[in-house]
Amino acid sequence: MRAARALAALLGTALLAACGLQSGGAVPLRVGPAGIGPVPELGGVAITVGSKDFTEQNILGYLIEFALVAAGADVRDLTNIQGSNSLRDAQLHGQIDLAYDYTGTGWINYLGNETPIADELEQFEALRAADLAAHHMVWTAMAPMNNTYALAVSRRVSEETGVRTLSDYAHLVDTDPAAATTCVGTEFNVRQDGYPGMARKYGIDTGKVRKQIVQDAVVYQATADATQCRFGSVAATDGRIPGLDLVLLRDDRAFFPKYNAALVMSADFAEAHPAVAEIMSPISRLLTNETITELNRQVDVEGREPADVARDWMVAQGMVTKG
């Protein structure tokens, strides 16, 4: 994994060029108010972009990279870092200049708060103030997309069991544990904003739960097949949910935090390069749940490369043109 990331870092510019963009400022741009053109203050500035190691994060990382390359920056690719804590550590230690991260992850996991803030804007504002004060990190350009955790079930199993909400699921675990076998990803299994916290909120007896810990990518198909497990932990904007006809259980006690994507960078970087937030804010505003779910679907269902999906979306929005 380390070798792969190192190679990605060395070949980041080549990857962008292969997708139709070039480093520097010699990027053919669409003329118009939405187009991203060279920004003098970013010309030749070395900027390292990171992401976590799943489809949506890779797409978001590439959106940053294409935008900043079009603005003239010298972009280094460090996408696909394993896990939230590794990405956070890389940012805190200055190995990565910026990345998209999630407000719920920041508020609960990074800052150690146990109770989410129900209103997404209030949570963003509270997180922004607290992380700046504690770690000199800036959160900005929040997107409307909310990639919250959820439990999913196949439409067939939902209809058979009548389970529509997390309260229904908790009741099924209590009355018929064998009918509520559940696949969970490794992070969801231990995070306080994952299964442990959900179980407390909904009064689930974890001793009764028939749970299998699997890789996140395995959960979706296993839940759709409903043989290995009948319920599964998912990210709400994952493209495999509509692709596999899965149903999200309604969080009727409002346990899960909001996970809006937002741009994260150090205060020093933000102060030195204010144009970065100005460039990325219009892009973030376009990232609705429907938009990111469709982009995720193109990768996870159609098998397209995240860089190609990100580039084509940027072209379709009039941000850049292919070289």
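1. Two strands pair if DSSP finds at least two bridges between them. By that rule, strand 5 (residues 149-154) and strand 8 (residues 231-235) are antiparallel partners joined over five bridges. In this pair, tyrosine 149 sits opposite alanine 235 of strand 8. Strands (E, at least two residues) and helices (H or I, at least four) are DSSP runs, numbered from the N terminus.

2. A word on the source: this is a predicted model, where local features need pLDDT of at least 70, side-chain atom pairs count only at pLDDT 80 or more, and totals for chains, interfaces and linings use all residues. Residues are numbered from 1 along each chain as its sequence is written, and side-chain values use heavy atoms, with hydrogens and water left out.

3. How confident is the predictor? On pLDDT (its confidence in each residue, from 0 to 100), the chain has a mean of 89, and 89% of its residues reach 70 or more. Over residues 1-33, though, the pLDDT is below 50.

4. Back to the sheet: five strands make up an open, mixed sheet in the order 7-6-8-5-9. Strand 7 (211-213) and strand 9 (246-248) are at the edges with a single partner strand each, so one side of each has no neighbour in the sheet.

5. Now for threonine 140, which belongs to strand 4 (residues 137-140). Is threonine 140 buried or exposed? Threonine 140 is buried, at 16% relative accessible area (buried is under 20%, exposed over 50%, partly exposed in between, with a 1.4 Å probe and protein chains only). Its contacts (heavy atoms within 4.5 Å) include Phe124 and Met265.

Terms used. pLDDT is the predictor's confidence in each residue, from 0 to 100. Lists of a residue's contacts leave out its neighbours within four places in sequence.
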